[in-house]
Amino acid sequence: MFLTRSFYPRSNWRGMMSEMERMRREMDQLFRMGADMEPTMAGVHPLVNVSEDNDNFYVQAELPGMAASGIEISVEGKSLTLSGERKAAETPEGARFHRRERAFASFSRVIGFPTEIESEAVQAQAKDGVLSVTLPKAEKAKPRQIAVQAV
Amino acid sequence: MSESKEIMHTEESQSPAEQTRPEPVFTPAVDIYETDDGMVLMADLPGVAKEDLHIRLDEETLTIEADVAEAKEDSNYLLNEYRVGRYYRQFRVNADFDRDKIEANLTNGELKLILPKAEAVKPRKITVSAG
């Protein structure tokens, strides 16, 4: 009764270049993981993006169908834990499934950071099924500019 | 563990028309079920705001299309497990729906689309009268 659209091969040059770029980034990441970022995971859901600047770490996680109240966040030392449970919406009796591609489960994920986190100042917000957490780096872990004095 | 990763990953696909901008297009995961009253489609569309979601029902194709605001490209990623881009998925539907009563609801990046069947195609119980 239902058909998905078939996949078209990527044919444009720029698309290919960006694909190469993405693969390169992913490879880089694989090699780097062992060094300073060791993600310790219990289950793979949710997928996260972690970025940083001088003052903060930023974590974004895709959590579709999760209300803000259902997401638990805790910070301890150098790690952030995201946990919660995604429950399936109730289906009426006698419903016949054509497709069932989405997964529902409880999840818990620990993300480790290379430096200490200012746990008091962590902020989190959920919007449109994406969780954004801002984690300020501890004062002593921030990069410092050192002025060179002329003698 | 690798198995569950498969489930959660959004499949990447190409929209039928070639794109002018090189950006990824994802196939959102869906659940579809049918009841006597109609069909319900639930889709995971994380990062999609209500105004960026477009649902079209043509003669017999249902199209779900959504834009997601691009993340800052200059971000210094420590871990980059997912990318953002457009969502696109089409379904061929052959049931007759009551087009005026279709409802779509987007909460926390989860779409619930209710397509009620037209009265004419609803299963009807026929009572046999004794002659």
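**Note on a predicted two-chain model**

1. The side chain of Glu110(B) makes a polar contact, at 2.9 Å, with the side chain of Arg86(A). A polar contact is a pair of N or O atoms within 3.5 Å; within protein, one must be able to donate a hydrogen and the other to accept it, and residues adjacent in sequence count only if both atoms are side-chain atoms. Glu110(B) is part of strand E10 of chain B. Helices (H or I, at least four residues) and strands (E, at least two) are DSSP runs, numbered from the N terminus.

2. How to read the names and values. Residues are numbered from 1 along each chain as its sequence is written, and chains are lettered from A and ligands numbered from 1 in the order in which they are written. This is a predicted model, in which local features need pLDDT of at least 70, side-chain atom pairs count only at pLDDT 80 or more, and totals for chains, interfaces and linings use all residues; side-chain values use heavy atoms, with hydrogens and water left out.

3. Is Glu110(B) buried or exposed? Glu110(B) counts as buried because its relative accessibility is 15%. Buried means under 20% relative accessible area, exposed over 50%, and partly exposed in between (1.4 Å probe, protein chains only). Leaving out residues up to four places away in sequence, Glu110(B) touches Gly65(A), Arg86(A) and Arg102(A) in chain A, and Met42(B), Ala43(B), Asp44(B) and Asn105(B) in chain B. A contact here means heavy atoms within 4.5 Å.

4. Glu120(A) gives a second case to check. Glu120(A) sits in the loop between strand E7 (106-112) and strand E8 (123-127) of chain A. Because its relative accessible area is 77%, Glu120(A) is classed as exposed. Its C-alpha atom is 9.1 Å from that of Pro136(A), a residue 16 places away along the chain.

5. Which strand of chain B is largely enclosed by the rest of the structure? The strand is E3(B), since 5 of its 5 residues are buried. In a regular strand the side chains alternate between the two faces of the sheet. Both faces of E3(B) are covered, with Val30(B), Ile32(B) and Glu34(B) buried on one side and Asp31(B) and Tyr33(B) buried on the other.

6. E3(B) has strand partners in both chains. Strand E6 of chain A (residues 96-100) runs antiparallel to E3(B) and is joined to it by 4 bridges; Phe97(A) has Tyr33(B) as its bridge partner. Within chain B, E3(B) and E4(B) pair in the antiparallel sense over 5 bridges, and Val30(B) is bridged to Ala43(B). Two strands pair if DSSP finds at least two bridges between them. E3(B) and E4(B) form a hairpin, with 3 residues between them.

7. The largest nonpolar core has 25 residues, and Leu41(B), Leu45(B), Val48(B), Leu53(B) and Leu111(B) have the most contacts inside it. Such a core is a set of buried Ala, Val, Leu, Ile, Met, Phe, Trp, Tyr and Cys residues joined through side-chain atoms within 4.5 Å. At least two residues of this core come from each of strands E3 (30-34), E4 (38-44), E6 (61-66), E8 (86-92) and E10 (110-116) of chain B. Apart from this core lies another, of 19 residues, including Leu63(A), Leu80(A), Leu82(A) and Phe107(A).

8. Leu45(B) can be followed through its contacts. Beyond its neighbours within four places in sequence, Leu45(B) is in contact with residues that include Pro64(A) and Asp128(A) of chain A and Leu53(B), Ile64(B), Tyr87(B) and Leu111(B) of chain B.

9. The two chains in outline. Chain A has 1 helix and 9 strands, and 31% of its 151 residues count as buried. Chain B has 1 helix and 10 strands, and 47% of its 131 residues count as buried. Chain A exposes about 9700 Å², with 51% supplied by carbon and sulfur atoms. For chain B the accessible surface is about 7500 Å², and 46% of that belongs to carbon and sulfur atoms. These areas come from the Shrake-Rupley method with a 1.4 Å probe; for residues, only the protein chains shown count as cover.

10. A caution about chain A. Its average pLDDT is 80, and 79% of the residues score at least 70; pLDDT is the predictor's confidence in each residue, from 0 to 100. In chain A, confidence is lowest in strand E1 (residues 40-42), at a mean of 36, and highest in strand E9 (residues 130-136), at 94. Residues 1-10 of chain A have a pLDDT below 50, and this stretch has 34 contacts in the model beyond near neighbours in sequence.
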